[in-house]
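Q: I would like to go through this model with you, starting with its charged side chains. Could you bring it up?
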Amino acid sequence: MSSPVIEIAQALAALPDWRRADDPRPAVARTLRFADFNAAFGFMSRVALKAEVMDHHPEWSNVYDRVEIVLTTHDAEGVTEKDLTLARFIDSIAGAAK
């Protein structure tokens, strides 16, 4: 059973560094830039460890110093508290991002 869906506007009000994903699905997105590939990959490794513990994994891509992240809860077909929790964690460790 999945968590209740949160309206995108409500989710974005709680996540000021995020935006509505350019995606037909209800999802939130964030782009982060780092000093270099090593910093970006280190950030992704930290997020991956948290995501594994949460059993909630981001959709993301990395090109050199840029990390693109999309969060949505597939089984709920929308944004849930799981996404907000993971986004807050991402925000808390994104201090190295430009």
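Q: Is Glu68 buried, partly exposed or exposed?
A: Glu68 is partly exposed, with a relative accessible area of 25%; buried means under 20%, exposed over 50%, and partly exposed in between, using a 1.4 Å probe and protein chains only. This is a predicted model, in which local features need pLDDT of at least 70, side-chain atom pairs count only at pLDDT 80 or more, and totals for chains, interfaces and linings use all residues. Residues are numbered from 1 along each chain as its sequence is written, and side-chain values use heavy atoms, with hydrogens and water left out.

Q: Which residue forms a salt bridge with Glu68 at 3.7 Å?
A: That is Arg19, with 3.7 Å between the closest N and O atoms; a salt bridge is a side-chain nitrogen of Lys or Arg within 4 Å of a carboxyl oxygen of Asp or Glu. Arg19 is in strand 1 (residues 19-20) and Glu68 in strand 4 (residues 66-71), 49 residues apart; strands are DSSP runs of E, at least two residues, and helices runs of H or I, at least four, numbered from the N terminus.

Q: What links Arg19, Arg66 and Glu68?
A: A network of salt bridges links Arg19, Arg66 and Glu68. Arg66 meets Glu68 at 3.1 Å, N to O.

Q: And what about Arg30, buried or exposed?
A: Arg30 is buried, at 12% relative accessible area. Arg30 forms a salt bridge with Asp91, at 2.5 Å between the closest N and O atoms.

Q: How many salt bridges does the structure hold?
A: The structure holds seven.
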